[in-house]
Amino acid sequence: MIKNNTAIMLIRNGIKSNNTSPLFVLLAICFTVIVVTAAGCNRIRQKDNTDGSLLLIRDSQIDRLLHIDSLIEPGSLKFTLLENRRDSAFIGDLDFRFASDDALIFFNKRLNILVIFSYDGKLKKELDLNQLIGFDFKIADIRNNPYSSRIEILDMKNTLYTFSANGDFLGTEEQFKTYPHSLFYPLSDSTYVLYNNFTTNAGKTDPCRFYVLKHFNKTRSWWPLDTSLVIVLPVNNRQFYQSSGELRFFDPLFPVIYTVSDTGLTPKYRLKYQQFNLTTKNALDVRSIIKETKFHPVPAMNYFIESDKYCIMEYILAQHRYSSVCDKATGKSLGVSYFGLGLSNLGVTLYNPLFAKDSKNFLTVLYGEEIIRNKEKHSGFKALEGLKNYDKVLVSFRFK
């Protein structure tokens with residue numbers, strides 16, 4: 001396509017050659033309008049690109065820490081001690097799973113105990129799932145249902161257990177057993193999307209990686225694959241997340257972040273790493289990607305979350321974790337680090353942040369040991385009296 005400046009050069013050359021007839025000027029103006037209109041149409045096509053926006057992860061230089069001090073909104077950084085009634089082993093095993101509107105949900109996988117804290121750090125309730133469900137219970141996935149404010153837990157036998165936001169047991173649903181899956185996420189109060197990380201669907205004529213269950217009946221299935229190529233891919237509960245009222249999903253080895261609806265998957269972002277990439281162009285080409293990953297390592301996404309302006313991610317390559325922040329406006333990363341996100345003025349490192357979409361806060365947890373070591377660097381640290389090394393401290397902050 002001829003660019004706008006070509007039309008301008010034609011006009012200038014016409015004037016320089018004294019060819020200034022009204023007809024020439026009219027033709028030149030018309031040509032310019034056509035070019036500008038075509039360029040405008042091209043911009044629209046780019047905006048509606050079904051491949052998703054490109055994010056370039058510039059990993060040619062990798063820092064020890066990626067410092068995010070300048071990205072944080074002044075005055076938004078807050079530290080809250082989580083109430084501790086247990087020993088160091090119990091606290092150390094607590095994994096921060098999600099944040100609801102009014103609670104922080106942690107899970108002790110070793111003991112099958114769900115722990116609910118309020119945002120001010122007070123312990124609200126402990127749920128011993130061995131006592132409530134049975135000692136053979138093994139958790140597959142746990143979610144907050146934002147449409148009903150319920151806590152929903154899926155076990156390895158694909159039974160769904162439902163609790164109120166306060167931890168009261170409400171009941172079970174066994175219809176999930178019909179469709180093999182590893183993760184789930186609510187699409188509405190009565191609709192769920194189920195994800196199958198290449199578990200073989202024995203006896204099924206339509207093996208799929210995604211199902212939609214509406215009122216616990218299958219309504220759609222997506223992304224079919226040939227089961228002769230089935231392998232088990234990495235799976236973690238961070239593969240689903242919410243952003244701007246939309247549900248997002250990524251498959252660890254596929255360099256695409258999707259928007260999920262009950263009609264299918266739509267690419268939102270397509271990731272390109274500066275050093276390590278799949279050469280397969282189509283992320284839905286399952287066969288090519290599986291074949292390709294056998295020959296060289298590729299980044300496996302561990303988590304990906306968004307604020308209004310930035311995307312924060314962690315990926316794993318050759319058993320090493322790398323953190324990065326991308327600017328949505330430019331589509332480029334601000335840097336890549338080995339050891340997570342750092343607050344240089346406080347001397348602390350932030351790992352695995354979660355995003356509480358309603359409050360627009362990022363949330364993560366630090367051990368008391370790291371706070372004690374840097375106690376003189378922040379007034380908020382000094383307010384945490386009686387802090388023990390194994391205590392957990394909630395960190396909350398907003399990006400500009």
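**Figure 1. Buried salt bridges of the predicted model.** Both glutamate 152 and arginine 150 are buried, that is, under 20% relative accessible area, where over 50% is exposed and anything in between is partly exposed (1.4 Å probe, protein chains only). These two residues form a salt bridge, defined as a side-chain nitrogen of Lys or Arg within 4 Å of a carboxyl oxygen of Asp or Glu, and their closest N and O atoms are 3.2 Å apart. This is a predicted model, in which local features need pLDDT of at least 70 and side-chain atom pairs count only at pLDDT 80 or more, while totals for chains, interfaces and linings use all residues. Residues are numbered from 1 along each chain as its sequence is written, and side-chain values use heavy atoms, with hydrogens and water left out.

Figure 2. The structure holds 14 salt bridges, among them one between arginine 248 and glutamate 306, whose closest N and O atoms are 2.8 Å apart. This pair links distant parts of the chain, with arginine 248 in strand E18 (residues 246-250) and glutamate 306 in strand E21 (residues 300-306), 58 residues apart; strands (E, at least two residues) and helices (H or I, at least four) are DSSP runs numbered from the N terminus. Arginine 248 and glutamate 306 are both buried. Glutamate 314 and arginine 321 also meet through their side chains in a salt bridge (2.8 Å, N to O); glutamate 314 counts as buried because its relative accessibility is 5%, whereas arginine 321, at 43%, counts as partly exposed. Salt bridges that share partners join Glu246, Arg248, Glu306 and Lys328 into one network.

**Figure 3. Surroundings of serine 76.** Serine 76 is found in the loop between strand E3 (66-67) and strand E4 (78-81), and it counts as buried because its relative accessibility is 6%. A polar atom of the serine 76 side chain lies 2.7 Å from the backbone oxygen of glutamate 73, and a polar atom of that side chain lies 3.1 Å from the backbone nitrogen of arginine 398. Not counting residues up to four places away in sequence, serine 76 touches Ser396, Phe397 and Arg398, where contact means heavy atoms within 4.5 Å.

Figure 4. Leaving aside neighbours within four places in sequence, phenylalanine 79 is in contact with several residues, including Leu346, Phe381 and Val395.

**Figure 5. A nonpolar patch around phenylalanine 339.** On the surface, Tyr338, Phe339 and Tyr351 form a nonpolar patch with about 320 Å² of accessible area together. Patches are made of residues with over 30% relative accessible area and no salt bridge, like charges being joined within 9 Å and nonpolar side chains (Val, Leu, Ile, Met, Phe, Trp, Tyr) within 5 Å; accessible areas come from the Shrake-Rupley method with a 1.4 Å probe, and for residues only the protein chains shown count as cover. Phenylalanine 339 lies in the loop between strand E24 (332-337) and strand E25 (341-343), and is partly exposed, with a relative accessible area of 42%.

Definitions and conventions:
A polar contact is a pair of N or O atoms within 3.5 Å; within protein, one must be able to donate a hydrogen and the other to accept it, and residues adjacent in sequence count only if both atoms are side-chain atoms.
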